[in-house]
Amino acid sequence: MKQLRLVLASKSPRRKELLQLLGLPFEVIVSEEEEIITSTNPAKVTEELACQKAAAVADLLDHGIVIGADTVVAADGKILGKPKDRADARAMITMLQARSHMVYTGVCLVDSADRGHSLCFHTGTKVNVAPMTEEEVEEYIRTEEPYDKAGGYGIQGLFAKYIEGVEGDYFTVVGLPVHALYEALKDFAKRT
């Protein structure tokens with residue numbers, strides 16, 4: 001793949017770590033734009049928010065490929081955001097335990113030199129959570145982990161012991177579908 005200026009439009013340390021797995025140099029510029037959701041479809045919401053982030057950062061640059069991403073957790077078609085407080089975290093984890101749910105990550109690539117050149121997509125992964133006792137739920141929500149993550153948990157953190165398995169791309173759940181992004185960047189670079 002030819003050398004491109006890559007810019008990650010995200011403050012997520014997890015996305016930064018995942019993007020580093022591509023072995024390509026990049027910089028981080030965080031979008032300060034307010035996010036606006038117009039869809040109720042969880043997969044479409046991720047694309048919409050990823051595109052808003054990428055476009056806002058692309059507006060600041062004269063060249064470079066901007067990568068925007070957003071992840072949502074959905075159970076029964078309902079989007080679960082970041083818990084507002086302990087009660088909210090308890091309700092989310094209780095809802096997710098002993099069942100499966102979906103996690104979607106949307107990605108948007110925008111060429112800041114040619115704003116008409118963009119590509120948005122999403123990936124979805126089914127996550128199977130083991131049954132949890134009330135004590136296990138309480139133990140987990142006493143940690144700091146649930147409060148800055150969609151759905152109230154981090155699959156790569158303390159919640160890992162409750163994950164029975166995933167059906168799909170693990171990295172989608174963490175926040176950036178590494179392989180799908182790599183393939184999209186190769187395709188995108190051919191047209192830049």
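Tutor: Let us begin with the term itself: a residue is called buried when its relative accessible area is under 20%, exposed when the value is over 50%, and partly exposed in between. Keep in mind that this is a predicted model.

Student: Is C108 buried or exposed?

Tutor: C108 has a relative accessibility of 2%, and because buried means under 20%, C108 counts as buried.

Student: Where does C108 sit among the strands, and which residue is its bridge partner?

Tutor: C108 belongs to strand 5, where it is the bridge partner of G68. The two strands involved, strand 3 and strand 5 (residues 100–111), run antiparallel and are joined by 10 bridges.

Student: Which other strands are joined to strand 3 by bridges?

Tutor: Strand 1 (residues 6–8) runs parallel to strand 3 and is joined to it by 3 bridges, with V7 having V66 as its partner. Strand 4 (residues 78–80) is also joined to strand 3 by 3 bridges, but here the two run antiparallel, and A74 has I79 as its partner. In the hairpin of strand 3 and strand 4, 2 residues lie between the strands, and D76 takes a positive phi near 55°.

Student: How should I read the two faces of a strand, and how many residues of strand 3 are buried?

Tutor: The general idea is that in a regular strand the side chains alternate between the two faces of the sheet. In this structure, strand 3 (residues 65–75) has 11 of its 11 residues buried. Both of its faces are covered, with I65, I67, A69, T71, V73 and A75 on one side, and V66, G68, D70, V72 and A74 on the other.

Student: What does the largest nonpolar core contain?

Tutor: That core has 40 residues, and the members touching the most others are I67, I93, L109, Y153, F159, L181 and L185. Helix 6 (residues 178–190) gives the largest share of this core, 6 residues. If we leave aside neighbours within four places in sequence, L181 is in contact with L19, L22, I67, V107, L109, F121 and L176. Apart from this core lies another, of 10 residues, including A9, A50, V66 and V110.

Student: How many aromatic pairs are there in the whole structure?

Tutor: A search of the whole structure finds 4 aromatic pairs. One of them joins Y153 and F159, tilted, at 4.8 Å centre to centre and with 35° between the planes. F159 also pairs with Y162, again tilted, at 5.4 Å centre to centre and with 55° between the planes. Y153 and F159 are both buried, and Y162 is buried as well.

Student: Which residues does the disulfide join?

Tutor: In general, a disulfide is a covalent bond between the sulfur atoms of two cysteines. The structure holds 1 disulfide, which joins C51 to C120 with an S to S distance of 2.3 Å. This pair links distant parts of the chain, since C51 lies in helix 2 (residues 42–58) and C120 in strand 6 (residues 118–129), 69 residues apart.

How values were computed:
Residues numbered from 1 in each chain as written. Predicted model: local features only at pLDDT ≥ 70, side-chain atom pairs only at ≥ 80, totals over all residues. Heavy atoms only, no water. Buried < 20%, exposed > 50% of the residue type's maximum accessible area, 1.4 Å probe, protein only. Helix = DSSP H or I, 4+ residues; strand = E, 2+ residues; numbered from the N terminus. Pairing = 2+ DSSP bridges. Phe/Tyr/Trp six-rings, centres within 6.5 Å; stacked < 30°, edge-to-face > 60°. Core = buried A, V, L, I, M, F, W, Y, C linked by side-chain atoms within 4.5 Å. Contact = heavy atoms within 4.5 Å. Disulfide = S-S within 2.5 Å.
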